[in-house]
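This report examines selected local features of one protein chain. The sequence and the coordinates are shown first, and the discussion follows.

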Amino acid sequence: QVQLVESGGGLVQAGGSLRLSCAASGRTVTMGWFRQSPGKEREFVASIRWSAGSTSYADSVKGRFTISRDNGGVYLQMNSLKPEDTAVYYCAASNSIVVVTTIPGYDYWGQGTQVTVSS
């Protein structure tokens, strides 16, 4: 079992920045960030492979969000935030050896952290 704990959420004005962190109790192949807004399905945001550091992003966040990792965990730097980025953000871990951007591809999930962007 891998425990994931997110932190760094909060309230920010449109155009602002936030940095989310995810501490993992163990190592898997890929780490990802997902988000879920009220009334919407959970959606993929970004992923990174632990070993190679290769990344993948949803089109809606490309150029604004950056996923990274180090020995302390995985991070999501969010810049130029928009009200539509408001959601609960979840950290997830996958043992899959292929790139995964879907919920079933992830084996472990954190509890989520709220991000609210005001207009």
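Between which two strands is the place of Arg64? Arg64 is in the loop between strand E6 (55–57) and strand E7 (65–70). The model under discussion is predicted.

## Arg64 and its contacts

Arg64 is buried, with a relative accessible area of 11%. That value falls below the 20% limit under which a residue counts as buried. Leaving out residues up to four places away in sequence, Arg64 touches Gln77, Met78, Asn79, Ser80, Leu81, Lys82 and Asp85.

One of these contacts, Ser80, lies in the loop between strand E8 (73–78) and strand E9 (87–94). Ser80 is partly exposed, its relative accessible area being 41%. The phi of Ser80 is near 50°, a positive value in a residue other than glycine. As a general rule, most residues other than glycine have a negative phi.

## A buried arginine without a salt bridge

Arg49 is found in strand E5 (residues 43–49). Arg49 is buried yet forms no salt bridge. The nearest side chain of opposite charge belongs to Asp107, which is 11 Å away; a salt bridge would require a side-chain nitrogen within 4 Å of a carboxyl oxygen.

With neighbours within four places in sequence set aside, the contacts of Arg49 are Val29, Thr30, Ser54, Arg69, Ser96, Ile97, Val98 and Val99.

## The disulfide

The structure holds 1 disulfide. Cys22 is joined to Cys91, with an S to S distance of 2.0 Å. The angle about the S-S bond is -80°, and the link is left-handed. Because Cys22 lies in strand E3 (residues 18–24) and Cys91 in strand E9, the pair ties together parts that are 69 residues apart in sequence.

## The nonpolar core

The largest nonpolar core has 32 residues. Met31, Trp33, Leu76, Met78 and Tyr89 have the most contacts inside this core. At least two core residues come from each of E3, strand E4 (30–36), E5, E7, E8, E9 and strand E11 (113–118). The greatest contribution is that of E9, with 5 residues. In soluble globular proteins, nonpolar side chains tend to be buried together.

Tyr89 has contacts beyond four places in sequence with Glu6, Leu20, Trp33, Phe34, Arg35, Val45, Phe65, Leu76, Met78, Gly112, Thr113 and Val115. Among them, Trp33, Leu76 and Met78 are also listed with the most contacts inside the core.

Definitions and conventions:
Residues numbered from 1 in each chain as written. Predicted model: local features only at pLDDT ≥ 70, side-chain atom pairs only at ≥ 80, totals over all residues. Heavy atoms only, no water. Helix = DSSP H or I, 4+ residues; strand = E, 2+ residues; numbered from the N terminus. Buried < 20%, exposed > 50% of the residue type's maximum accessible area, 1.4 Å probe, protein only. Lys, Arg positive; Asp, Glu negative; His and termini not counted. Contact = heavy atoms within 4.5 Å. Disulfide = S-S within 2.5 Å. Core = buried A, V, L, I, M, F, W, Y, C linked by side-chain atoms within 4.5 Å.
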